[in-house]
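Here are some notes to read alongside the model. Please keep the structure open and look up each residue as you go.

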Amino acid sequence: MPGLDIAAPAAKRVPFTRTHHGDSVQDPYEWLRDKEDPEVIAHLEAENAYTEAQTAHLEQLRERIFEEIRSRTQETDLSVPVREGRWWYYSRSFEGRQYGVQCRAPIASDDDWTPPTVADVDAGTPALPGEQVLFDANAEAEGHEFFRLGTFDVSADGTMLLYAVDTIGDERYTLRVRDLVNGGELGDEVPNTSAGAVLSPDGRYAFYATVDDAWRPDTIWRHELGTDASADVVVHHEKDERFWVGIGVSRSRGYLEVGIGSSITSESRLIPADDPTAAPTVVWPRREGVEYSVEHAIVAGDDRLLIVHNDGAEDFELVDVAASDPAGPRRIILPHRPGVRLESADAFASRVIVEYRREALTRVAVLPLTGDGYGQLRELEFDEPLYTVGTSGNPEWEQPTVRLGYGSLVTPSTVYDWTPGADAVSSELRLLKRQPILGGYDPDAYEQRREWARSDDGTLVPISLVYRKDLVQPGTPAPLELYGYGSYEHSIDPSVSIARLSLLDRGVVFAIAHVRGGGELGRRWYEDGKLTRKRNTFTDFVACAKHLVERGWTIPDRMVAEGGSAGGLLMGAVANLAPQLFAGILAAVPFVDALTSILDPDLPLTVIEWDEWGDPLHDPSVYEYMKSYTPYENVPQDARAYPRILAVTSLNDTRVLYVEPAKWVARLREAGAPVLLKTEMSAGHGGVSGRYNSWRERAFELAWLLDVLRAGQEQ
């Protein structure tokens, strides 16, 4: 491994035995779990020093990549304004500032639905006439190494701002209220809340969630503005440790909704907006394995609830029920279609916007509301072979347009307003903004395509690829990065990354392995990559790597793999399964000691995770299965044939604790693997805060990748 000649840290071994189901496991690095132990911190800092020394030769390349990211980014910019009430809301960014600034400007009239545009954005002047700065995160972050905004909600009348911030990285937020008319803070302050609090439509109450000792959002509270938090009222407390809670407001402003869910079961409880102190009423009582989401709608003058559910419909269907009797008769609006994964239905005064997945791509369709009920479903069409589309920023009940977000692996993030017409021809899709990429970015210089790999059991697995046409010739091996995730039904959809251009413009092919465990090909795709079928996620990724080699896209010593969080588990498993296929593996906040974590119900989120991974604490067969693939448990005694590995983590991460990669790296190094560990000492699961800090972090990772790929030798 290139770098300065200093010794790698060797974690001490402390005897520790873990016994479950008659199986005893020696875990000599479990002592690293105590982050209050100065010796643990000293070890992490020693690992950081070693990593810095081993990558010192990449300093110029890191700086070059950082400057490339910065030079391609329009640093002083503003988002497309979104109308809500009497205001246009938008965010601004400024050159040299880490964080965004939340602003608003008044609408011109009741009929003003065309978002204002700005030809020149000057940091020293308002972007729009009448601009008000609501929240400047740069000022709020002063004196803090970490800063993240977790709640930002303005009252319906526009007079109050509810916001919450985290200054540590542990995802516990302090909730406050700001007077937008007279200025200044109200005395309201609630510590240790979860993200996503909301104001009641009348602006009198704030509803928020708190977490238990395992970091599970378990309680919804009602806080009356102007009162002390000690007087706050519990709206719902969820005793079942498999479930978490959240709170929202319907677009109609007719209801507040308490959402309760596990990985496989959900329940909604509604509170009438005109009676926010009322007890919530259940829409459908929870039933194991049944998931559903609720939207309030007015259909042909009737108060209805639209429900997307999987009760007897694996890929979900859309029904509606009477709001006054949700347990009553169900009217099927969109029946179940196998292989078409219905994801959401957003109700407006005159239409319903439906989002679903078909053939591993996102889709958006419009269902008009008529005097008799529902009209004909019409899907919006786009002409790229790979793309991502979805609704974005549509808070108003009665709005003539629908805001859409669109992008692909070559088309930068794009914002459209869609205006309906009598048919597809008369409908209008109006471009509002395309993410600017400075320096002469030309999407026609890049190619995106889809290929399919055959996994061990014959399943075809989609792969999305993008590369620069003049630097890559299909069939001629090139350096390649293969990215994967494959858990929680989360899909990795096509999008442009400014940072990724630093790879593509050096002749690197970027590929996404859409492995089972994700949601790209419907609910079955997810089910076939979880619980006791989790190994499919790993073998799918290996099959994609083999396919790319067989098709001539790359060769093993010019291919790196990357994944984060649950995708980091994938990286660790792949390192054990097929180390010979990769020159390097980048594992971000990797879930590599999954069995130890899932065995401990006192750790953050563990009980919730049993629906995803299984319950090894009480089920010996799950224990045996997880032990067979968990990366930390399966590092061979001699790992010298491993590819180069970089693991990055954060000390304050509450989702995947830093101890997992720390233990994994210690065991890998003991076995002779060429491995580095980088720990952010003031960050959480999402890494460092602030865009410049994030760019530098990504530049560090990309420089390492390019060094492994031998594609960044110009430094």
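**Notes on the predicted model**

1. Let us start with a cysteine: Cys103 is buried, its relative accessible area being 2% (buried means under 20% relative accessible area, exposed over 50%, and partly exposed in between, with a 1.4 Å probe and protein chains only). Cys544 is buried as well, at 0% relative accessibility. A search of the whole structure turns up zero disulfides, a disulfide being a pair of cysteine sulfur atoms within 2.5 Å.

2. A word on how to read these notes: this is a predicted model, in which local features need pLDDT of at least 70 and side-chain atom pairs count only at pLDDT 80 or more, while totals for chains, interfaces and linings use all residues. Residues are numbered from 1 along each chain as its sequence is written, and side-chain values use heavy atoms, with hydrogens and water left out.

3. Next, please look at the loop between β35 (480-484) and α4 (501-504), where Tyr488 is placed. Helices (H or I, at least four residues) and strands (E, at least two) are DSSP runs, numbered from the N terminus. Most residues other than glycine have a negative phi. Tyr488, though not a glycine, has a positive phi of about 60°. Glu489 also has a positive phi of about 60° without being a glycine.

4. A salt bridge here is a side-chain nitrogen of Lys or Arg within 4 Å of a carboxyl oxygen of Asp or Glu. Arg341 is buried, with a relative accessible area of 9%.

5. How many salt bridges does the structure hold? The count is 59. One of them joins the side chains of Arg304 and Asp320 at 3.0 Å, N to O. That pair also links distant parts of the chain, with Arg304 in strand β21 (residues 302-309) and Asp320 in strand β22 (residues 317-322), 16 residues apart. Arg304 is buried at 13% relative accessibility, and Asp320 is buried at 0%.

6. Glu267 and Arg269 meet through their side chains in a salt bridge of 2.7 Å, N to O. Glu267 counts as buried, at 4% relative accessibility.

7. Finally, turn to the largest pocket, with a volume of about 290 Å³. On a 1 Å grid over the protein atoms alone, a pocket is an open set of points where a 1.4 Å probe fits, with protein on both sides within 12 Å along at least five of seven lines; lining residues have an atom within 4 Å of a point. The volume is the space filled by probe spheres set on the points, which are joined across faces, edges and corners.

8. Which residues lie nearest the centre of this pocket? Of its 16 lining residues, they are Lys678, Glu680, Asn693, Arg696 and Glu697. Two or more lining residues come from each of α2 (59-72), β40 (675-680) and α12 (691-709), and α12 gives the largest share, five residues.
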